[in-house]
Amino acid sequence: MAFGRWASSRRARGALLALALGVSLQPGHFMAVGGDRAPVDDQWDLSEEGREGILEILMEDHPGWARRSYVLRQGAQRFWLRGDTAAFSSAHTGMWVRVRGVRHGAQISVTHVGLDESSEAQDRPTTKALVKRRLALLLLNFFDRAVRPYSVETAYAVLMTAADFFRENSYGRLSLEGNVFGWFTLPMSAAACDPFRLAEAAHAAAAASGIDLSAYEHLVYAFPKNACAWWGLGTLGGTPSSAWINGTLAFDVLTHELGHGLGLLHSHALECGWVVLGGGCQILEYGDTLDVMGMGAGHVSAVQKEQLGWLREGEEILRVTEEGTFRLAPYQAKGEGLKVLKIPAGANPEAGRMAWYYVEYRPPLGFDRFLVRNLNVPRGVIIRLGVSGDRGGSFLLDMTPETASWFDPALPIGRSFTDPQTGLTLTVCEVTESGAFLTVTGISGQQ
Ligand SMILES: [Zn+2]
């Protein structure tokens, strides 16, 4: 599949190029932002305009849209990095960043950026061994809005459900243990939107109560609706990761922000009108109706699980290189069996990265039991696109484009999908409770 066909939609192309960006910043190099490249120079003049610290990449979750922001953290202090932030496109949370620019309060308009790997541990895919991570959920309110919209017990129950969700999603590889602290009334107004000041105030309140937050890998600040327009804000990875939950503390909101904390981006959908793939496609930011990193409440996509090391090529993921008939076991169930087919979809000529189709079978099991009344998903296979080595999220495809709904994205029994450019064809032959059978033909032999 060529990426060129997405070029007719500027929006899709822009996002896709960001997704598949081949440009990378060499660690330690000095790069000008929005101007000519400056010479490599280790002699940073840390004048009053210069600052250095840990880079944090944050995702602002608004209803229907999202924004990625970059933040420099110096201890408890944080600064938004604004201006031309293209230099950060391949950076990750935890890198050491040096910036020069003009500061206005908590914002720095950057003119120069330098990036290094940090001594702070990078986010690594989890290993086969059980990984335990600790989470602190802080319940916070404001001096002029000292309400408690839910109880500590309710918050703890939501947290435990989220922990169950990640245990099931990771097939037992991730164990979250958590504590709930609060309620704390902060000396700040609900009329302000300042998540960094909120975090600082929360830490001060916790410390005053003798709580040591340094032992936690995930910090979550939950508070009644304040002036911020986003419903969630979270770092992409980080040790610790940080998340802010504005208003309702729902299971899907908490798991979504924790997904960001584990390093996941959004699970999108690709809307191409009356066809599965074609010109003029649009990326729907939260378009994946099944995945909690989209608009759903279910298991994260195979693209996301592969990134986290919860599913692996050669084990639960089969890279398909030859035609054949394959059986997919239920996606959610722990145990033996092939869970995902990964089929080459073509290379992005501009970045040289491979795109792949990821195919999975999702019956209504576990946290996906909401699918029990769905007449399409449990009776077919789900097909998404992902780009290898990228952290751009996944793209759900609509295998029933004749309907307007995104709740019936599966390729149903007896139907075929053919990639219009490569001729690759997937056909669902049979679906039983224990698995889905499909044939793959027209493998182009690339990769
Ligand atoms: Zn998000």
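Helix H3 is followed by Gly210, whose phi is positive, near 80°. Helices here are DSSP runs of H or I with at least four residues, strands are runs of E with at least two, and both are numbered from the N terminus.

Before going on, a note on the source. This is a predicted model, where local features need pLDDT of at least 70, side-chain atom pairs count only at pLDDT 80 or more, and totals for chains, interfaces and linings use all residues. Residues are numbered from 1 along each chain as its sequence is written, and side-chain values use heavy atoms, with hydrogens and water left out.

Next, the metal. Which residues coordinate the zinc ion? They are Asp61, through OD, and His256, His260 and His266, each through NE2, at 2.0 to 2.4 Å. Donors are N, O and S atoms within 2.8 Å of the metal (3.2 Å for Na, K and Ca); water is not among the atoms, so sites may look incomplete. The donor spacing in sequence is D-x194-H-x3-H-x5-H. Asp61 lies in strand S2 and His266 in the loop between helix H4 and strand S12, so the pair ties together parts 205 residues apart in sequence. Both Asp61 and His266 are buried.

Last, H4. Of its 11 residues, 10 are buried, among them His256 and His260. Gly263, with a positive phi near 110°, follows H4.

Key:
Buried < 20%, exposed > 50% of the residue type's maximum accessible area, 1.4 Å probe, protein only.
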